[in-house]
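Here's a quick walk through one protein model, from the overall make-up down to a few single residues. Have a look at the fold first, then read on.

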Amino acid sequence: PSSTWTGWSTMGRQGSILSAVLIGILIGSYLPVMVYGQTTMLVSPEGGTVTLEGFGSVTFPPRAFSESLSVLISATQSPETQEDFATSTEIFSVGPRLPHEIRINSGSLAPATSFEVALRVPKAFRSTLPPSFGVTVFAQIYQDRGMEVLDHFELFPSTFDPTTQTVRATMPKTAFTNMRHADNSYEAIVIVGSTAIPRHPPNR
């Protein structure tokens with residue numbers, strides 16, 4: 001069963017109650033949402049990187065957007081998102097995960113390309129992983145199949161960089177959806193977790 005590493009739980013107390021309420025309204029949830037930090041940066045059609053100090057960065061390549069727009073990145077802790085993660089990752093051998101999710105909001109325009117994430121992984125968190133587990137990246141994918149709607153987390157190939165203490169992954173443009181917010185803004189939700197590392201049989 002998965003578990004949530006709580007090493008950063010005290011950081012959440014630094015976020016104001018007002019911010020938590022506003023973010024809760026933004027994502028259409030009445031459950032309390034803790035805000036660890038957020039930042040906004042203008043990204044042009046030439047591309048750009050948005051960095052949330054202490055948490056990671058998101059890089060959009062050239063032609064990801066047809067016009068310049070503000071991209072908001074926030075680190076939050078949503079009970080609703082935690083429940084979605086726990087439910088939809090039961091098919092994976094999921095281990096501990098960081099207590100927060102990274103939300104990337106691009107407003108009224110979704111990227112036309114894939115994008116890169118580089119997310120900080122504290123050493124204290126890595127020390128909690130079982131010997132056979134590695135750091136991985138999950139993204140929540142919204143799928144409308146007509147008769148049913150799925151909004152579940154999927155596992156994506158990722159690489160941990162011990163020099164920068166970050167895990168890197170390429171996310172598909174389909175990670176963005178405008179179906180979660182009352183204002184129809186486009187958002188992607190990414191979580192750093194862990195899964196069992198496959199053991200390959202020896203060559204014979």
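Helices (H or I, at least four residues) and strands (E, at least two) are taken here as DSSP runs, numbered from the N terminus. On that count, the protein has three helices and 13 strands. This is a predicted model, where local features need pLDDT of at least 70 and side-chain atom pairs count only at pLDDT 80 or more, while totals for chains, interfaces and linings use all residues. Residues are numbered from 1 along each chain as its sequence is written, and side-chain values use heavy atoms, with hydrogens and water left out.

Next, some totals. Buried means under 20% relative accessible area, exposed means over 50%, and partly exposed is in between (1.4 Å probe, protein chains only). Of the protein's 204 residues, 43% count as buried.

Two strands pair if DSSP finds at least two bridges between them. (Axes are lines fitted to C-alpha atoms, for helices over the stretch in contact, and angles run from 0 to 180 degrees between N-to-C directions.)

Inside this sheet, S5 and strand S7 (residues 101-107) run antiparallel and are joined by five bridges. Ser74 has Arg103 as its bridge partner in S7.

## The five-stranded sheet

The other open sheet to look at has five strands, ordered S3-S4-S8-S12-S11, again with antiparallel pairing. S3 and S11 are its edge strands, each pairing on one side only. Here the twist averages 15° from one strand to the next.

Five bridges tie S4 to strand S3 (residues 48-52), with Thr49 partnered by Thr59. The hairpin of S3 and S4 has three residues between the strands, and Gly54 in that hairpin takes a positive phi near 90°. Towards strand S8 (residues 115-120), S4 makes four bridges, also antiparallel, and Ser57 is partnered by Ala118. Over at S11, four bridges pair that strand with S12 in the antiparallel sense, and Phe160 stands opposite Val167 in S12.

## Two nonpolar cores

A nonpolar core is a set of buried Ala, Val, Leu, Ile, Met, Phe, Trp, Tyr and Cys residues joined through side-chain atoms within 4.5 Å. The largest one has 36 residues, and the members touching the most others are Phe60, Ile104, Phe115, Val117 and Met171. S9 gives the most to this core, with five residues. A second, separate core has six residues, including Phe85, Phe138, Phe153 and Ile191.

What does Val117 contact, leaving aside its neighbours within four places in sequence? The list is Ser57, Val58, Ile104, Val167, Arg168, Ala169 and Met171.

## Loop residues to check

Arg63, in the loop between S4 and strand S5 (69-77), has a positive phi of about 70°. Arg63 is also exposed, at 67% relative accessible area. Gln165, in the loop between strand S11 (158-161) and S12, has a positive phi near 60°. Gln165 is partly exposed, at 26%.

His181 is in the loop between strand S12 (166-171) and strand S13 (186-196). Is His181 buried or exposed? At 5% relative accessibility, His181 counts as buried. The His181 side chain makes a polar contact of 3.2 Å with that of Glu187. (A polar contact is a pair of N or O atoms within 3.5 Å; within protein, one must be able to donate a hydrogen and the other to accept it, and residues adjacent in sequence count only if both atoms are side-chain atoms.)

Methods. Contact means heavy atoms within 4.5 Å.
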